[in-house]
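Take a look at the aromatic rings here.

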Amino acid sequence: MLSQDSNDDTEDVSLFDAEEETTSRPRKSRIRHPVASFFHLFFRVSAVVVYLLCELLSSSFIACMVTIILLLSCDFWAVKNVTGRLMVGLRWWNHIDEDGKSHWVFESRKSTPQDSKTISEAESRIFWLGLIACPVLWVIFAFSALFSFRVKWLAVVIMGVVLQGANLYGYVRCKVGSKKNLTSMATSYLGKQFLRQNAGDGQTS
């Protein structure tokens with residue numbers, strides 16, 4: 001689903017310049033975007049609750065399945081297009097160039113002294129907690145459905161893993177940078193460790 005072109009890179013760009021023109025506010029634990037924070041958790045938590053209680057709420061498997069898939073789809077759109085940008089200043093998206101090639105772009109808001117004053121630590125914790133915890137739950141549900149032979153639910157839980165896992169992958173890429181950056185960081189770290197070890201051996205000898 002997230003096949004990438006070799007020229008992909010994480011772009012350090014300004015997302016929605018109007019937000020960067022806000023007056024400086026102290027960095028507090030208060031929530032600056034309560035509606036976005038609510039819907040960041042509402043759809044994904046609702047999908048989990050409906051899955052767990054579906055047999056009590058309705059005897060119709062089709063109704064439960066459609067409800068869960070709609071909640072997962074709304075969650076995917078809201079997290080990908082709205083809450084990530086507002087709550088943590090990250091965004092990932094796809095565009096087609098003039099040659100018809102598909103490119104995945106992973107953006108992060110430029111870090112400025114003014115921007116650091118407007119970041120909400122509470123919103124950041126809510127965002128990453130919801131982003132990580134719910135895909136883990138869907139993975140557990142997938143193994144549970146597989147080992148309990150609830151085959152009819154596999155399509156639903158796989159949909160949950162794919163949609164929420166895609167958002168998790170996209171925002172992790174936005175946060176840590178491209179694979180090339182990760183490779184260079186790992187190479188640099190190993191090189192430093194190797195030189196440090198050799199220097200230590202030289203001193204002891």
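Lys80 lies over the face of Trp92, 5.0 Å from the ring centre. A charge counts as sitting over a ring if NZ of Lys or CZ of Arg is within 6 Å of the ring centre and within 35 degrees of the ring normal. Arg173 lies over the face of Phe106, at 4.4 Å from the ring centre.

This is a predicted model: local features need pLDDT of at least 70, side-chain atom pairs count only at pLDDT 80 or more, and totals for chains, interfaces and linings use all residues. Residues are numbered from 1 along each chain as its sequence is written, and side-chain values use heavy atoms, with hydrogens and water left out.

Now the ring pairs. Rings of Phe, Tyr and Trp (its six-membered ring) pair if their centres lie within 6.5 Å; planes under 30 degrees apart are stacked, over 60 edge-to-face, and the rest tilted. By this rule there are 15 aromatic pairs. Phe61 and Trp153 have ring centres 4.7 Å apart and planes at 85°, so this pair is edge-to-face. The pair links distant parts of the chain, 92 residues apart: Phe61 is in helix 3 (residues 61-88), and Trp153 is in the loop between helix 5 (121-147) and helix 6 (154-176). Helices are DSSP runs (H or I, at least four residues), numbered from the N terminus.

Trp153 is buried, with a relative accessible area of 3%; buried means under 20% (1.4 Å probe, protein chains only).

Trp138 and Phe141 also pair edge-to-face, at 5.4 Å centre to centre and 90° between the planes. Both lie in helix 5, 3 residues apart, about one turn of the helix. Trp138 and Phe141 are both buried.

Ring pairs join Tyr51, Phe61, Trp138, Phe141 and Trp153 into a cluster.

How values were computed
Helices (H or I, at least four residues) and strands (E, at least two) are DSSP runs, numbered from the N terminus. Buried means under 20% relative accessible area, exposed over 50%, partly exposed in between (1.4 Å probe, protein chains only).
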